[in-house]
Amino acid sequence: MLAILLCSAFALSAQSRDARIAQRADALRPTLIETRRDFHMHPELSNREERTARVIAEKLRKLGFDEVRTGVARHGIVAVLKGAKPGPVVAWRTDMDALPVNETIDVPYKSRNPGVKHACGHDVHMAVALGIAELLAGMRQELAGTVKFLFQPAEEGPPEGEEGGAPFLIKQGALDNPRPHFIFGLHAGAAGPVGTVGYASGPAMASGDEFTLTIRGRKSHAAWPHQGVDSVTVASECVLALQSIRSRRIDPLQPMVLTIGTIHGGERHNIIAESVQMRGTMRTFNEGVRENVRTMMRQTLDGCTAAHGANYDLRWGAFSYPPLINEPQLAAWSAAVLQRVLGRDNVHATPPVMGSEDFSYYLKDVPGFFYWLHGANQSRGIVHGNHTAEFDMDEDSLPIGVKTGAALLLDALERKP
Ligand SMILES: [Zn+2]
Ligand SMILES: [Zn+2]
């Protein structure tokens, strides 16, 4: 009986807190829009988020954060907000970088940095994170524990030869002192209508491993192919042979995609090409499959090139994404919080996607949950996918991100790790 009473008392207090959070998040709407537009107009590429970091640090300091550590993993920021009461530590992560995409939509907040655009919604992520920060800073007196905010550069991958992204931020101590019990984050996109969120329990996003493959043959006159080794013919066979890993060697019930995205080779129409270079990506949800495919690619390329007297070089990119797995129990708990805040009909269980996100690195270290903040609006033509020149988000999604994020963090402070 006592347990039931305590439970319903908790549910009641959570509900009245949700109402207060919703009210404050809605009141923050103009600030959220202004912040988002400022980031949108001043996008910066991966590991170059200098101005972005400056703006964020200034805002956090103004909010009275206990600690604002800048320059983490280049332009990253780790900020700590301590509640008035003791308690555990929970974390919220946002990314910061934009993409080399030329913005084609005509909006008042159009990118002022030609050729660079927040085409993946990280501007929305930052505005939401700062909104949550402001909301929770205002609730400090009742906050039982510590909330840590991670502002992460280079989610889209650092430039060649540089370290970056989640692994670099973690390496530089983002998850230490204090170590969070739980970590949360979201991703903006137009997969669903504004006002709703989505989530996948278990595998949510694929691993992403980028590779460069060079096939080396030997040059000769095109009319005397037998005097050379034609890397174009060998590359053609290799591309097709690699596809049979998907179709013949991996369990059909295991999702996996192997894509060769670029292919370049040769110099002239009448010279046998000495070398062909290809770049591609491999994605899956399973670490075992991920490892097996790497081995099978070598086996396939060993055979395919040897058969023609050619050789090859396969290099995996330094930056890779593990699969993003939402641990089912914590996902169910988080989904219940989202449903309480937004209503059952506005929280959609969605299928996993083959896209990648380096939030998966945090989930390898700390239990957490990652969900989709939907921002599509058919009537306003906001329907385009992430990474496109037309990508946009309905800004009504901003307060939704803030109220769901704040509720998850506050509830997580009361949840046993
Ligand atoms: Zn992206
Ligand atoms: Zn993204």
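Hi everyone, let me start with the overall size of this predicted model. For 417 residues, a compact globule would have a radius of gyration near 22 Å, and the protein chain comes out at 24 Å, so the two agree. Along its principal axes, the C-alpha trace spans about 85 × 50 × 45 Å. In terms of secondary structure, we have 10 helices and 16 strands. Of the 417 residues, 46% count as buried. And if you take the contacts with a separation of 6 or more, 80% of them come from residues 24 or more positions apart.

Now, the domains. The assignment gives two pieces: domain 1 covers 13-206 + 323-413, and domain 2 covers 208-321.

Let's go inside. The largest nonpolar core has 85 residues. The residues with the most contacts inside that core are Ala129, Ile132, Leu136, Val402, Ala406 and Leu409. There is also a second, separate core of 21 residues, and Ile215, Val229, Ala235 and Val289 are among its members. As background, nonpolar side chains in soluble globular proteins tend to be buried together.

Helix α10 runs over residues 397-413. 17 of the 17 residues of α10 are buried, so the helix is largely enclosed by the rest of the structure. Helix α4, residues 122-137, has 16 residues and reaches 22 Å from first C-alpha to last, close to the 22 Å expected. Of those 16 residues in α4, 15 are buried, so this helix too is largely enclosed by the rest of the structure.

Leaving out residues up to four places away in sequence, Val402 touches Ala25, Leu28, Leu32, Val128, Gly131, Ile132 and Leu135.

Next, a lysine. Is Lys148 buried or exposed? Lys148 has 23 C-beta neighbours inside 10 Å, and 20 or more makes a residue buried, so Lys148 counts as buried. You'll find Lys148 in strand β4, residues 144-152. Lys148 and Val78 are 70 residues apart in sequence, yet their C-alpha atoms are 7.1 Å apart in space. Beyond its neighbours within four places in sequence, Lys148 is in contact with Val78, Val80, Val89, Ala91, Pro178 and Pro180.

Pro178 from that list brings us to the backbone. Most residues other than glycine have a negative phi, and most peptide bonds are trans. Here, a cis peptide bond joins Asn177 and Pro178, with omega about 0 degrees. Pro178 lies in the loop between α5 (165-171) and β5 (182-193).

Ala73 is in the loop between β1 (67-72) and β2 (76-82). Ala73 is buried, with 25 other C-beta atoms within 10 Å. His387 also has a positive phi, near 75 degrees. His387 is in the loop between β16 (368-376) and α10, and is partly exposed, with 14 other C-beta atoms within 10 Å.

Last stop, Thr300. Thr300 is in helix α7, residues 287-306. With 18 other C-beta atoms within 10 Å, Thr300 is partly exposed. Setting aside neighbours within four places in sequence, Thr300 is in contact with Ala241, Leu242 and Ile245. For a sense of distance, Thr300 and Asp123 are 177 residues apart along the chain, and their C-alpha atoms are separated by 42 Å.

That's my tour, and I'm happy to go back to any part of the model. Thanks, everyone!

Notes
Residues are numbered from 1 along each chain as its sequence is written. Chains are lettered from A and ligands numbered from 1 in the order in which they are written. Helices (H or I, at least four residues) and strands (E, at least two) are DSSP runs, numbered from the N terminus. The radius of gyration is taken over C-alpha atoms; the globule rule is 2.2 Å times the number of residues to the power 0.38. A residue is buried if 20 or more other C-beta atoms lie within 10 Å of its own, exposed if 12 or fewer, and partly exposed in between; C-beta atoms are placed from the backbone. Two residues are in contact if their C-beta atoms, placed from the backbone, lie within 7 Å. Domain bounds come from an automatic or database domain assignment. The expected span of a helix is 1.5 Å times one less than its number of residues. A nonpolar core is a set of buried Ala, Val, Leu, Ile, Met, Phe, Trp, Tyr and Cys residues joined through C-beta atoms within 7 Å.
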